[in-house]
Amino acid sequence: MEQVKRAPLADQAAELLLERIRAGEWELGQKLPGETTLAPQLGVGRSTVREAIRQLAGRGVLASRQGAGVYVTALDVPEEWDAVLRRADLVSVIEARIAIEAEAAALAAGRRTPSDLRAIRRALDDRAANRVDIEDHVDADTRFHRSIVAAAHNPILTELFDGFTPRMRQAMVEMLRLRGEFGDDADHGAHERLAERIAERDGDGAARESRSHLGAMKAALA
């Protein structure tokens, strides 16, 4: 039979520190007292305080600065990205796509290699061939847009896009089911123009095409 397990002292100390931060005892950017002060306040040893601080640093609440001490970097544990995305509505998803993909398109126009361009064109052809089943179409469309993000050669944008993809896919499927139509020639033409601007190394034009296409999608939901 399972028994209730007592939480390790470091976990308890971390939660106590977090409660004090949430209560406003220390402001954002303020330095925490030293281990010798915190240890007796928390009723634990200095090594336990160090471990508690490491835990909160790993959760984005504290940061240790070499030779300077420990500082408050957030007033609560940042919410998990997946949880934020699960709650996001369709308009929020599209607005986030605009922020990520318009910049990626501009960067891709300047940085794409011949190999990147081949990948974009293959993904565009694949998108054209998948205009019957909604989920297949969304997957093909996502591959096309990811090929552009990859061509931007910015690992942070790529990581943002990949982390965003599961919620984006769900949102796009929901939206297309609501609309009842998808993948027409006008829509595909917008994607062809985006690929052309990147091929021409027209960064402003690529960003404009990306923003226009996604902006029209957002307007359709209004």
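Tutor: The model under discussion is predicted.

Student: Which element gives the most to the lining of the largest pocket?

Tutor: Nearest the centre of this pocket lie R179, D187, H191, H213 and M217. The elements giving two or more residues to the lining are α7, α8, α9 (185-199) and α10. With six residues, the greatest contribution to the lining comes from α10.

Student: Which element gives the most to the largest nonpolar core?

Tutor: The largest nonpolar core has 23 residues, and I94, M172 and M175 have the most contacts inside it. Two or more of the core residues come from each of α5 (90-111), α7 (134-151), α8 (155-179) and α10 (203-220). Nine residues, the most from any element, are supplied by α8.

Student: With which residues is M175 in contact, leaving aside its neighbours within four places in sequence?

Tutor: M175 is among the residues with the most contacts inside the largest nonpolar core. Once the neighbours within four places in sequence are set aside, the contacts of M175 are L90, I94, M217 and L221.

Student: How far apart do the C-alpha centres of domain 1 and domain 2 lie?

Tutor: Domain 1 covers 3-72 and domain 2 covers 81-221. The separation between their C-alpha centres is 42 Å.

Methods
Residues are numbered from 1 along each chain as its sequence is written. This is a predicted model: local features need pLDDT of at least 70, side-chain atom pairs count only at pLDDT 80 or more; totals for chains, interfaces and linings use all residues. Side-chain values use heavy atoms; hydrogens and water are left out. A nonpolar core is a set of buried Ala, Val, Leu, Ile, Met, Phe, Trp, Tyr and Cys residues joined through side-chain atoms within 4.5 Å. Buried means under 20% relative accessible area, exposed over 50%, partly exposed in between (1.4 Å probe, protein chains only). Helices (H or I, at least four residues) and strands (E, at least two) are DSSP runs, numbered from the N terminus. Contact means heavy atoms within 4.5 Å. Domain bounds come from an automatic or database domain assignment. On a 1 Å grid over the protein atoms alone, a cavity is a set of points where a 1.4 Å probe fits but cannot get out, and a pocket is an open set with protein on both sides within 12 Å along at least five of seven lines; lining residues have an atom within 4 Å of a point.
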